[in-house]
Amino acid sequence: MTTTPEKIKVSLNNQNIHANVPEFVEVVSNIYHQYEASVYDISQISLSNSVWSWQMALKDIQPSLIKPIRVLDYGAGTGFATLQVLQSPLRALVKEVVCYDLSPAMIDICREKMKAFPHVAFTFLSDVTGRSKLAEEKPFDLVVTNALLHHLLEVESFVQHIRQWVAPSGYYIAGHEPNYNFYVNEKLVEATRKFQQYKRLRQRLTWRYWMHKTGIQKSFHDLVTLTNQELIKRKLIVSPIPRNYLHKLVDIHVPFGISVNQPWGEIGFQDTKILRWLGNDFEMTGMYTYSHIKDGLADNDLFWRKRLQKLRKQYPHDGADALMIFKRKF
Ligand SMILES: C[S@@+](CC[C@H](N)C(=O)[O-])C[C@H]1O[C@@H](n2cnc3c(N)ncnc32)[C@H](O)[C@@H]1O
(Lines give C-alpha, C1' and ligand atoms only; values in the text may rest on other atoms or scores of the structure.)
Protein backbone atom coordinates (compact mmCIF):
# COMPACT_ATOMS: atom_id res chain seq x y z
CA MET A 1 0.00 0.00 0.00
CA THR A 2 1.34 3.44 -0.92
CA THR A 3 1.83 5.63 2.15
CA THR A 4 0.91 9.31 2.47
CA PRO A 5 4.59 10.49 2.33
CA GLU A 6 5.09 8.38 -0.83
CA LYS A 7 1.96 9.82 -2.46
CA ILE A 8 3.06 13.37 -1.61
CA LYS A 9 6.52 12.64 -3.03
CA VAL A 10 5.02 11.57 -6.37
CA SER A 11 2.82 14.68 -6.47
CA LEU A 12 5.76 16.99 -5.66
CA ASN A 13 7.98 15.28 -8.22
CA ASN A 14 5.26 15.82 -10.84
CA GLN A 15 5.50 19.51 -10.01
CA ASN A 16 9.27 19.35 -10.35
CA ILE A 17 9.81 19.69 -6.60
CA HIS A 18 12.44 17.21 -5.41
CA ALA A 19 12.56 18.03 -1.71
CA ASN A 20 12.71 15.70 1.30
CA VAL A 21 8.98 15.20 2.02
CA PRO A 22 8.90 15.44 5.87
CA GLU A 23 11.16 18.53 5.81
CA PHE A 24 9.18 20.17 3.00
CA VAL A 25 5.82 19.54 4.70
CA GLU A 26 7.15 21.07 7.93
CA VAL A 27 8.47 24.14 6.13
CA VAL A 28 5.17 24.65 4.26
CA SER A 29 3.19 24.18 7.50
CA ASN A 30 5.46 26.58 9.37
CA ILE A 31 5.24 29.33 6.73
CA TYR A 32 1.45 28.91 6.41
CA HIS A 33 0.91 29.03 10.19
CA GLN A 34 3.36 31.92 10.55
CA TYR A 35 1.01 33.98 8.32
CA GLU A 36 -2.11 32.50 9.85
CA ALA A 37 -1.02 33.40 13.41
CA SER A 38 -2.07 37.06 13.15
CA VAL A 39 -5.58 36.23 11.88
CA TYR A 40 -6.04 32.83 13.53
CA ASP A 41 -8.33 33.87 16.38
CA ILE A 42 -10.77 35.70 14.09
CA SER A 43 -10.70 33.31 11.13
CA GLN A 44 -11.33 29.96 12.88
CA ILE A 45 -15.15 30.03 13.19
CA SER A 46 -15.43 26.26 13.47
CA LEU A 47 -13.25 26.21 16.62
CA SER A 48 -15.99 27.82 18.69
CA ASN A 49 -18.15 24.75 17.95
CA SER A 50 -15.64 22.61 19.83
CA VAL A 51 -15.88 24.56 23.12
CA TRP A 52 -18.88 22.56 24.37
CA SER A 53 -17.10 19.22 23.76
CA TRP A 54 -13.97 20.43 25.50
CA GLN A 55 -15.89 21.59 28.56
CA MET A 56 -17.87 18.31 28.71
CA ALA A 57 -14.68 16.26 28.36
CA LEU A 58 -12.80 18.19 31.04
CA LYS A 59 -15.76 17.87 33.40
CA ASP A 60 -15.80 14.11 32.70
CA ILE A 61 -12.17 13.59 33.67
CA GLN A 62 -12.08 15.98 36.63
CA PRO A 63 -13.10 13.43 39.33
CA SER A 64 -10.08 11.23 38.59
CA LEU A 65 -7.53 14.08 38.65
CA ILE A 66 -7.17 15.06 42.29
CA LYS A 67 -3.66 16.33 42.83
CA PRO A 68 -2.02 19.43 41.26
CA ILE A 69 -1.52 18.52 37.64
CA ARG A 70 0.95 19.16 34.83
CA VAL A 71 -0.45 19.72 31.34
CA LEU A 72 1.14 19.52 27.89
CA ASP A 73 -0.55 21.36 24.99
CA TYR A 74 1.16 20.04 21.84
CA GLY A 75 0.61 22.12 18.68
CA ALA A 76 -0.73 24.77 21.07
CA GLY A 77 -1.10 27.48 18.42
CA THR A 78 -2.46 30.62 20.07
CA GLY A 79 -3.44 28.57 23.16
CA PHE A 80 -7.00 27.42 22.49
CA ALA A 81 -6.80 24.04 24.29
CA THR A 82 -4.84 25.48 27.22
CA LEU A 83 -7.55 28.12 27.62
CA GLN A 84 -10.19 25.40 27.59
CA VAL A 85 -8.40 23.68 30.48
CA LEU A 86 -7.89 26.92 32.40
CA GLN A 87 -11.55 27.90 31.98
CA SER A 88 -12.84 24.47 33.06
CA PRO A 89 -13.43 22.92 36.50
CA LEU A 90 -9.82 21.66 36.30
CA ARG A 91 -8.38 25.17 36.58
CA ALA A 92 -7.81 24.97 40.34
CA LEU A 93 -5.72 21.81 39.92
CA VAL A 94 -3.40 23.07 37.21
CA LYS A 95 0.09 23.79 38.52
CA GLU A 96 2.16 23.74 35.36
CA VAL A 97 1.53 23.94 31.60
CA VAL A 98 3.97 23.35 28.75
CA CYS A 99 2.84 24.82 25.42
CA TYR A 100 4.70 23.59 22.36
CA ASP A 101 4.16 24.56 18.72
CA LEU A 102 6.24 24.25 15.60
CA SER A 103 5.46 27.88 14.77
CA PRO A 104 7.24 30.54 16.89
CA ALA A 105 4.70 33.16 15.72
CA MET A 106 1.82 31.13 17.17
CA ILE A 107 3.69 30.58 20.46
CA ASP A 108 4.41 34.32 20.78
CA ILE A 109 0.65 35.03 20.75
CA CYS A 110 0.02 32.13 23.12
CA ARG A 111 2.61 33.50 25.60
CA GLU A 112 0.91 36.91 25.62
CA LYS A 113 -2.53 35.38 26.29
CA MET A 114 -1.33 33.23 29.18
CA LYS A 115 -0.19 36.32 31.11
CA ALA A 116 -3.79 36.33 32.35
CA PHE A 117 -2.97 33.26 34.50
CA PRO A 118 -0.10 34.30 36.79
CA HIS A 119 -0.74 31.41 39.23
CA VAL A 120 0.27 28.83 36.59
CA ALA A 121 3.93 28.02 35.77
CA PHE A 122 4.16 28.11 31.96
CA THR A 123 6.91 26.91 29.65
CA PHE A 124 6.65 28.00 26.02
CA LEU A 125 8.56 26.01 23.43
CA SER A 126 8.64 26.23 19.66
CA ASP A 127 10.36 25.02 16.55
CA VAL A 128 12.89 22.18 16.35
CA THR A 129 14.88 23.41 19.37
CA GLY A 130 11.74 23.48 21.50
CA ARG A 131 10.93 19.95 20.37
CA SER A 132 14.25 18.61 21.66
CA LYS A 133 13.73 20.45 24.99
CA LEU A 134 10.28 18.88 25.24
CA ALA A 135 11.85 15.43 24.92
CA GLU A 136 13.51 16.01 28.31
CA GLU A 137 10.18 16.67 30.11
CA LYS A 138 8.68 14.18 32.59
CA PRO A 139 5.30 12.59 31.67
CA PHE A 140 2.20 14.79 32.12
CA ASP A 141 -1.13 14.15 33.87
CA LEU A 142 -2.98 15.60 30.90
CA VAL A 143 -1.83 15.89 27.30
CA VAL A 144 -4.03 17.90 24.94
CA THR A 145 -3.92 18.49 21.21
CA ASN A 146 -6.50 20.51 19.33
CA ALA A 147 -6.75 20.59 15.53
CA LEU A 148 -3.23 19.17 15.31
CA LEU A 149 -3.31 15.53 14.18
CA HIS A 150 -4.70 16.35 10.73
CA HIS A 151 -1.60 18.48 10.04
CA LEU A 152 0.90 15.71 10.76
CA LEU A 153 2.53 13.66 8.04
CA GLU A 154 3.07 10.56 10.18
CA VAL A 155 0.15 10.53 12.65
CA GLU A 156 0.71 6.95 13.77
CA SER A 157 4.28 7.57 14.90
CA PHE A 158 3.24 10.87 16.51
CA VAL A 159 0.49 9.14 18.52
CA GLN A 160 2.97 6.47 19.60
CA HIS A 161 5.21 9.32 20.71
CA ILE A 162 2.40 11.07 22.61
CA ARG A 163 1.83 7.95 24.70
CA GLN A 164 5.23 8.39 26.32
CA TRP A 165 4.19 11.82 27.60
CA VAL A 166 1.06 10.56 29.35
CA ALA A 167 1.69 9.52 32.97
CA PRO A 168 -0.03 6.35 34.32
CA SER A 169 -3.70 7.22 35.12
CA GLY A 170 -3.25 10.37 33.00
CA TYR A 171 -5.30 11.43 29.97
CA TYR A 172 -4.80 12.30 26.34
CA ILE A 173 -7.52 14.44 24.74
CA ALA A 174 -7.44 14.86 20.96
CA GLY A 175 -9.82 17.70 20.14
CA HIS A 176 -11.28 19.07 16.91
CA GLU A 177 -10.16 16.43 14.44
CA PRO A 178 -11.97 15.31 11.28
CA ASN A 179 -14.14 12.30 12.00
CA TYR A 180 -14.08 9.31 9.61
CA ASN A 181 -17.70 8.38 10.47
CA PHE A 182 -18.95 11.62 8.92
CA TYR A 183 -17.35 11.04 5.52
CA VAL A 184 -18.94 7.61 5.15
CA ASN A 185 -22.39 8.81 6.30
CA GLU A 186 -24.13 9.62 3.01
CA LYS A 187 -26.98 11.52 4.70
CA LEU A 188 -24.63 13.96 6.41
CA VAL A 189 -22.47 14.42 3.33
CA GLU A 190 -25.61 15.14 1.28
CA ALA A 191 -26.92 17.62 3.86
CA THR A 192 -23.55 19.42 3.78
CA ARG A 193 -23.64 19.60 -0.04
CA LYS A 194 -27.12 21.09 0.10
CA PHE A 195 -26.04 23.67 2.67
CA GLN A 196 -23.03 24.63 0.55
CA GLN A 197 -25.29 25.15 -2.49
CA TYR A 198 -27.60 27.31 -0.40
CA LYS A 199 -24.64 29.29 0.97
CA ARG A 200 -23.25 29.91 -2.54
CA LEU A 201 -26.65 31.19 -3.70
CA ARG A 202 -26.97 33.50 -0.71
CA GLN A 203 -23.44 34.82 -1.18
CA ARG A 204 -24.34 35.90 -4.71
CA LEU A 205 -26.88 38.26 -3.22
CA THR A 206 -24.23 40.21 -1.30
CA TRP A 207 -22.29 43.23 -2.59
CA ARG A 208 -19.13 41.82 -1.02
CA TYR A 209 -19.28 38.75 -3.31
CA TRP A 210 -19.48 40.95 -6.42
CA MET A 211 -16.75 43.30 -5.19
CA HIS A 212 -14.42 40.24 -4.88
CA LYS A 213 -15.66 38.64 -8.09
CA THR A 214 -15.02 41.78 -10.14
CA GLY A 215 -11.65 42.37 -8.43
CA ILE A 216 -12.77 45.76 -7.03
CA GLN A 217 -12.03 44.51 -3.53
CA LYS A 218 -9.11 42.17 -2.87
CA SER A 219 -9.21 39.53 -0.10
CA PHE A 220 -7.49 41.03 2.93
CA HIS A 221 -5.40 37.92 3.40
CA ASP A 222 -4.74 34.92 1.24
CA LEU A 223 -2.61 32.40 3.08
CA VAL A 224 -2.02 30.20 0.02
CA THR A 225 -0.62 33.05 -2.09
CA LEU A 226 1.53 34.31 0.79
CA THR A 227 2.89 30.80 1.44
CA ASN A 228 3.66 30.24 -2.26
CA GLN A 229 5.42 33.62 -2.47
CA GLU A 230 7.61 32.79 0.54
CA LEU A 231 8.44 29.32 -0.84
CA ILE A 232 9.52 30.92 -4.13
CA LYS A 233 11.55 33.57 -2.26
CA ARG A 234 13.38 30.81 -0.37
CA LYS A 235 14.00 29.08 -3.73
CA LEU A 236 12.21 25.92 -2.53
CA ILE A 237 9.86 26.03 -5.52
CA VAL A 238 9.96 27.87 -8.85
CA SER A 239 6.25 28.15 -9.57
CA PRO A 240 3.27 28.26 -7.18
CA ILE A 241 1.81 25.00 -5.86
CA PRO A 242 -1.87 24.77 -6.97
CA ARG A 243 -4.24 26.01 -4.28
CA ASN A 244 -5.91 22.65 -3.46
CA TYR A 245 -2.60 20.84 -3.26
CA LEU A 246 -1.06 23.46 -1.01
CA HIS A 247 -4.08 23.24 1.30
CA LYS A 248 -3.72 19.48 1.31
CA LEU A 249 -0.03 19.78 2.27
CA VAL A 250 -1.11 21.75 5.36
CA ASP A 251 -4.40 19.97 6.18
CA ILE A 252 -3.04 16.56 5.23
CA HIS A 253 -5.86 14.45 6.71
CA VAL A 254 -8.83 16.76 6.12
CA PRO A 255 -10.80 15.37 3.18
CA PHE A 256 -11.33 18.01 0.53
CA GLY A 257 -14.67 18.36 -1.20
CA ILE A 258 -16.20 16.16 1.56
CA SER A 259 -15.30 13.19 -0.61
CA VAL A 260 -13.61 9.91 0.28
CA ASN A 261 -11.52 10.19 -2.92
CA GLN A 262 -8.41 11.94 -1.72
CA PRO A 263 -4.92 12.31 -3.22
CA TRP A 264 -3.45 11.31 0.16
CA GLY A 265 -4.04 11.31 3.92
CA GLU A 266 -6.52 9.65 6.27
CA ILE A 267 -10.21 10.24 5.49
CA GLY A 268 -10.62 11.79 8.91
CA PHE A 269 -9.77 9.75 12.01
CA GLN A 270 -11.30 6.66 13.54
CA ASP A 271 -11.29 6.54 17.35
CA THR A 272 -10.48 2.80 17.26
CA LYS A 273 -7.43 3.42 15.09
CA ILE A 274 -6.03 6.09 17.41
CA LEU A 275 -6.61 3.79 20.38
CA ARG A 276 -4.75 0.99 18.59
CA TRP A 277 -1.84 3.36 17.91
CA LEU A 278 -1.77 4.40 21.58
CA GLY A 279 -1.46 0.77 22.70
CA ASN A 280 -2.99 -1.73 25.14
CA ASP A 281 -2.30 0.33 28.22
CA PHE A 282 -4.81 2.96 27.01
CA GLU A 283 -8.60 2.90 27.01
CA MET A 284 -11.07 5.24 25.40
CA THR A 285 -13.27 6.96 27.96
CA GLY A 286 -15.33 9.27 25.78
CA MET A 287 -15.96 10.88 22.43
CA TYR A 288 -17.95 13.95 21.41
CA THR A 289 -18.78 14.77 17.81
CA TYR A 290 -20.30 17.93 16.34
CA SER A 291 -20.69 19.85 13.02
CA HIS A 292 -23.16 17.38 11.53
CA ILE A 293 -23.28 19.79 8.61
CA LYS A 294 -19.64 20.50 7.90
CA ASP A 295 -19.75 24.26 7.79
CA GLY A 296 -19.29 26.57 10.77
CA LEU A 297 -21.96 28.90 9.34
CA ALA A 298 -24.81 26.36 9.34
CA ASP A 299 -25.39 27.12 13.01
CA ASN A 300 -26.15 30.80 12.27
CA ASP A 301 -29.16 30.05 10.10
CA LEU A 302 -32.47 29.19 11.76
CA PHE A 303 -33.62 26.57 9.23
CA TRP A 304 -30.25 24.85 9.03
CA ARG A 305 -29.74 24.98 12.78
CA LYS A 306 -32.94 22.95 13.23
CA ARG A 307 -31.78 20.50 10.57
CA LEU A 308 -28.42 20.25 12.35
CA GLN A 309 -30.05 19.48 15.70
CA LYS A 310 -32.08 16.71 14.10
CA LEU A 311 -29.05 15.16 12.45
CA ARG A 312 -27.06 15.40 15.69
CA LYS A 313 -29.75 13.41 17.51
CA GLN A 314 -29.97 10.87 14.71
CA TYR A 315 -26.19 10.33 14.32
CA PRO A 316 -24.52 11.25 17.64
CA HIS A 317 -21.17 9.65 16.66
CA ASP A 318 -20.96 10.97 13.11
CA GLY A 319 -20.35 14.73 13.36
CA ALA A 320 -17.64 16.01 11.01
CA ASP A 321 -15.44 17.05 13.94
CA ALA A 322 -14.60 14.92 16.92
CA LEU A 323 -13.01 15.14 20.34
CA MET A 324 -11.69 11.87 21.79
CA ILE A 325 -10.66 11.12 25.37
CA PHE A 326 -8.11 8.40 26.16
CA LYS A 327 -6.90 7.28 29.56
CA ARG A 328 -3.61 5.57 30.35
CA LYS A 329 -4.60 2.64 32.57
CA PHE A 330 -1.11 1.80 33.92
C1 LIG B 1 -5.06 24.52 13.33
S2 LIG B 1 -3.76 25.04 14.34
C3 LIG B 1 -4.36 24.59 15.95
C4 LIG B 1 -3.73 25.41 17.04
C5 LIG B 1 -4.35 25.23 18.42
N6 LIG B 1 -4.12 23.92 18.96
C7 LIG B 1 -5.81 25.57 18.39
O8 LIG B 1 -6.63 24.67 18.59
O9 LIG B 1 -6.16 26.71 18.14
C10 LIG B 1 -2.53 23.82 14.09
C11 LIG B 1 -1.25 24.11 14.83
O12 LIG B 1 -0.40 22.97 14.70
C13 LIG B 1 0.92 23.44 14.54
N14 LIG B 1 1.70 22.38 13.91
C15 LIG B 1 1.64 21.94 12.63
N16 LIG B 1 2.52 20.93 12.45
C17 LIG B 1 3.13 20.75 13.64
C18 LIG B 1 4.14 19.86 14.09
N19 LIG B 1 4.69 18.98 13.29
N20 LIG B 1 4.53 19.94 15.38
C21 LIG B 1 3.97 20.85 16.21
N22 LIG B 1 3.03 21.73 15.84
C23 LIG B 1 2.62 21.66 14.56
C24 LIG B 1 0.77 24.69 13.70
O25 LIG B 1 1.87 25.53 13.79
C26 LIG B 1 -0.50 25.30 14.27
O27 LIG B 1 -0.24 26.20 15.29
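Trainee: What makes a residue part of the group that surrounds the ligand?
Mentor: The test is that its C-beta atom, placed from the backbone, lies within 6 Å of the molecule. Here 19 residues surround the ligand, and the closest are Gly75, Gly77, Phe80, Ser103 and Asn146. Keep in mind that this is a predicted model, where local features need pLDDT of at least 70, side-chain atom pairs count only at pLDDT 80 or more, and totals for chains, interfaces and linings use all residues. Residues are numbered from 1 along each chain as its sequence is written.

Trainee: Which helix gives the most to that shell?
Mentor: Helix 2 does, with 3 residues. Helices are DSSP runs of H or I with at least four residues, strands are runs of E with at least two, and both are numbered from the N terminus.

Trainee: Why is helix 8 called oblique to helix 14?
Mentor: Helix 8 (residues 155-165) and helix 14 (residues 271-278) pack at an angle of about 55 degrees. Angles under 35 degrees count as roughly parallel, over 145 as roughly antiparallel, 65 to 115 as roughly perpendicular and the rest as oblique, so helix 8 is oblique to helix 14.

Trainee: How do you know that strand 1 and strand 2 pair?
Mentor: Pairing requires that DSSP finds at least two bridges between two strands. Strand 1 (residues 69-74) and strand 2 (residues 94-101) have 6 bridges, in the parallel sense, so they pair by that rule.

Definitions and conventions:
Axes fitted to C-alpha atoms, helices over the stretch in contact; angles between N-to-C directions.
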